[in-house]
Amino acid sequence: MMETRRLEFTNQGFTKIDTLLTLAEVEALRAIYDNLLQDKIATAHLRSDLAGADNTSGKTVERITQIMRPSTVNPELLRHRAYEKALELVKKLLGDDMELDFDMMINKAPHTNSPTPWHQDAAYWIDMPDKRSASCWIALDEVFEENGCMWFIPKKEGDSVLPHKNLPYGGALYCETDTDGAKSMPLHPGGCTFHDGFTLHFSQGNSTDTQRRALILNFRPIKMIALEREQGVDHTGERKQRK
């Protein structure tokens, strides 16, 4: 089974794991997650709305809340089994030199119906000589098309980043692409997907009565993490000056 997943990841750029976490592990993770989501003071420097500014409705609710590196605010996250289990799998997918680069929370609030547009994660990153990467997208709720499950387009041969633009009022990057062949990935709580930095992906807005919580763990070779940090990149949203 692991060999099938490794081939899927290599050939199409993504794979799905039906059960990464037990329901008890999901419950423990939700408690930490919700506390961070509600603490707008401690997370202010790491927090943004991927939907951009809403200049028309007058609403102040965050539609797509992104919190970068939440484990720097609450290190208890790093001790959760999700991090250990995801690392074990990504090493089987890409090699024993893979390590956690950064973590991220993305929550879609109820009835906000703001999609995360098609994009490639590598559009956010500096170019690196070793391009191996994997993002583990962990569902903390039942996720399906109507509340924002992930969609992927199988990767074509070669690693290239399409031209990306910012949304009109800030927020996420997006690109124009042919979406024929896109596949939706519904998940039960505790399920996950892995995708690489060049794989095109998207999620619809949340039109349901409940939130859609996801924890994302991003992995790359330990030498490339060191190179990023030397270049001042720590994924907190700000480029640090080299010292």
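This is a predicted model: local features need pLDDT of at least 70, side-chain atom pairs count only at pLDDT 80 or more; totals for chains, interfaces and linings use all residues.
Several of its residues are tucked away from the surface, namely Glu25, Val26, Leu29, Arg30, Ile32, Tyr33, Asp34, Leu36 and Leu37, which are buried.

Seven strands line up in the order 1-11-6-13-4-3-2, forming an open sheet with antiparallel pairing. At the edges sit strand 1 (14-17) and strand 2, each of which pairs on one side only. Going from one strand to the next, the twist averages 20°. Strand 2 and strand 3 run antiparallel and are joined by three bridges; Ser48, for instance, has Gln66 in strand 3 as its bridge partner. Helix 4 (residues 222-230) packs on the sheet, where it touches strand 4 and strand 13, and its direction makes about 100° with that of strand 13.

In soluble globular proteins, nonpolar side chains tend to be buried together. Here, the largest nonpolar core has 32 residues, and those with the most contacts inside it are Val90, Cys136, Ile138, Phe194, Leu215, Leu217 and Phe219. Two or more residues each come from helix 2, helix 3, strand 4, strand 6 (134-139), strand 11 (192-195) and strand 13. Helix 3 gives the most, with eight residues. There is also a second, separate core of 29 residues, which includes Met68, Trp137, Met150 and Cys175.

Not counting residues up to four places away in sequence, Phe219 touches Ala86, Leu87, Val90, Met98, Glu99, Leu100, Asp101, Ser133, Ala134 and Cys136.

Pro110 makes another case to look at. Pro110 lies in the loop between strand 4 and strand 5 (116-119). Its relative accessibility is 34%, so Pro110 counts as partly exposed, as that label covers values between the 20% limit for buried and the 50% limit for exposed. Leaving out residues up to four places away in sequence, Pro110 touches Asn206, Thr208, Asp209, Thr210 and Gln211. Ile67, by contrast, is 43 residues apart from Pro110 along the chain, and their C-alpha atoms are separated by 18 Å.

Conventions
Residues are numbered from 1 along each chain as its sequence is written. Side-chain values use heavy atoms; hydrogens and water are left out. Buried means under 20% relative accessible area, exposed over 50%, partly exposed in between (1.4 Å probe, protein chains only). Helices (H or I, at least four residues) and strands (E, at least two) are DSSP runs, numbered from the N terminus. Contact means heavy atoms within 4.5 Å. A nonpolar core is a set of buried Ala, Val, Leu, Ile, Met, Phe, Trp, Tyr and Cys residues joined through side-chain atoms within 4.5 Å. Two strands pair if DSSP finds at least two bridges between them. Axes are lines fitted to C-alpha atoms, for helices over the stretch in contact, and angles run from 0 to 180 degrees between N-to-C directions.
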